[in-house]
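Please keep the view open and look for each part as it is named.

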Amino acid sequence: MLDIDKLSLNIPDTTKPRVVIIGGGFGGINVAQRLKGKDFQVVMLDRQNYHGFWPLLYQVATAGLEPDSIAEPLRKMFGSDKFDDFHFRLVKVNSVNPIAKTVHTLVGDLSYDYLVIATGTKTNYFGNEEVKKNAFPLKQVPHALNLRSHLFQCFEQASMTADPELQQSLLNFVIVGGGPTGVETAGALAEMRKHILPTDYPGVDFSRMNIFLVEGMDRVLPPMSPESSKKTLKYLQDMGIIVKLNALVEGYDGYVATIKGGEKIQTQTLVWAAGVQGALIEGLPAEAVERGRIHVNRYNQVLGFDNIFAIGDIAFMKTDKWPKGHPGVAQPAIQQGKLLSKNLKRLIKGEEMEEFEYVDKGSLAIIGRNQAVADLPGNIHLGGFFAWMTWLFVHVMALVGFRNKLVVLSNWVYRFFTYENGTRLIIRPFVRKGDKARRDFVNKYDME
Ligand SMILES: Cc1cc2nc3c(=O)[nH]c(=O)nc-3n(C[C@H](O)[C@H](O)[C@H](O)COP(=O)(O)OP(=O)(O)OC[C@H]3O[C@@H](n4cnc5c(N)ncnc54)[C@H](O)[C@@H]3O)c2cc1C
């Protein structure tokens, strides 16, 4: 038996300033990587032992990529061959005590000189408990694997029933949220319907498979330009995806999705990609939290504290150019992480810190084969093949780890020529969604 009382964080004492980083996402790794040297002891705490490349998570869910190729072990990134006095611990941080300057975890407390909160976001169900209980979120690797298994269970079961109503509900897929994750997931499902499923399941009539993309606003990809939204809508419709705009999902009991106004869709699969909220940690005063995120100044210092910083998705930094804060994408997290490492070095030397200024490098979304949209700096909007090539290039280059770049690239080249999605595997205990077993699975992995 594992006696948890015998575990502790076990971090060596130090005379150097200790920087504790909560979260090894885009923000966290970019601070840590640049603190290499003799000035600090760096401790990274994360509830998962890898850095996840979330922009490709939907490809894991739709059998396009293995999970290993979008994740990089944090200990590998910061091994003792690369980094002195770096310590990783696999724990969830439960709370912070800014007065005592400690963080609290299940296996004990740890003091810090500087604290960096880079915890990102979690799924936002907007208080709808029924949806939370029955929908499939897409935010973490276990979510993607769970969804992948579920999708193929639906196809297996659709091939084993002569009941038209049941078969239809197994072949109706509702994706809520017309942002990049929703659009990309819908597109990947449509590609699978066209190229793979009819040969895998010859007894099933896939002309009956419906993919609904439900968006509450009046256009898909609301954070992108109207031009890109328009192009994307056309691409989606050409692929046979049923796009419902100005439509809000009000309920989902595991079998029927109800859209505001009364429309009902029988479905065994509702993917919830409709929103996120800050993954807050208890202990900060209420004034430090705004719009569900941590209010920071231009140096990423949490309001009211000199030695606590928040970066990335969890940080709310209001500027003239970004009055609602920066977009919840990877670039602000990366750029804030890089600048914070420089500012920490300046701080210990008593020098002035530099203010953060976000450099918007544009945004991209992929819809399907040869179809993507790109909004680039200078008001340039690309669509179709060029945008698709740009998307592939940017994503391969941004992946962490040479092995991951190689595996993803070779997977894509293979798929381009063969139309194959290689990982059509059901790997999980055989549970149907919406039931207690699935709930237990979610709770066990603390996946909310
Ligand atoms: C499905 C999906 C698709 C996306 N697609 C794109 C895209 O195409 N382009 C783009 O630019 N952005 C995309 N994003 C957004 C992008 O991934 C985020 O903006 C980015 O990850 C933010 O970085 P971060 O460091 O703030 O948080 P994250 O990268 O999310 O990292 C947070 C880390 O904190 C850890 N953590 C959280 N709470 C705790 C705790 N209490 N204790 C210990 N550890 C904790 C988590 O395990 C995680 O490792 C996507 C996000 C998702 C979920």
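1. The domain bounds used in this note come from an automatic or database domain assignment. For the protein chain, that assignment gives domain 1 as 4-47 + 91-123 + 277-348 and domain 2 as 129-274 + 369-442. Please bear in mind throughout that this is a predicted model.

2. Consider next how the two domains are placed: their centres, taken over C-alpha atoms, are separated by 33 Å. The contact between them takes 5 residues from domain 1 and 5 residues from domain 2.

3. On the side of domain 1, Arg47, Thr121 and Thr123 supply 75% of the buried area, which is more than any other three residues.

4. As for the pairings across this interface, the count of salt bridges between domain 1 and domain 2 is 0, while 1 residue pair is found in polar contact. Strand β10, made of residues 121-123, gives the most to the side of domain 1 that touches domain 2, with 3 residues. The residues of that side divide into 1 nonpolar, 2 polar and 2 charged.

5. An N or O atom in the side chain of Asp46 is 2.6 Å from an oxygen atom of the ligand. Backbone atoms take part in the picture as well: a polar backbone atom of Gly328 is 3.2 Å from an oxygen atom of the ligand, and a backbone N or O atom of Ala118 lies 3.5 Å from one.

6. Finally, side chains of opposite charge can pair when their charged atoms come close. The structure as a whole holds 9 salt bridges, and one of them joins the side chains of Lys16 and Asp85 at 2.9 Å, N to O. Because Lys16 lies in the segment before β1 (18-22) and Asp85 in the loop between α3 (74-77) and β5 (86-90), this pair ties together parts that are 69 residues apart in sequence.

Terms used. Residues are numbered from 1 along each chain as its sequence is written. This is a predicted model: local features need pLDDT of at least 70, side-chain atom pairs count only at pLDDT 80 or more; totals for chains, interfaces and linings use all residues. Side-chain values use heavy atoms; hydrogens and water are left out. Contact means heavy atoms within 4.5 Å. Buried area is the accessible area (1.4 Å probe) that two parts lose on being put together, summed over both. A salt bridge is a side-chain nitrogen of Lys or Arg within 4 Å of a carboxyl oxygen of Asp or Glu. A polar contact is a pair of N or O atoms within 3.5 Å; within protein, one must be able to donate a hydrogen and the other to accept it, and residues adjacent in sequence count only if both atoms are side-chain atoms. Helices (H or I, at least four residues) and strands (E, at least two) are DSSP runs, numbered from the N terminus. Ala, Val, Leu, Ile, Met, Phe, Trp, Tyr, Cys and Pro count as nonpolar, Asp, Glu, Lys and Arg as charged, and the others, Gly among them, as polar.
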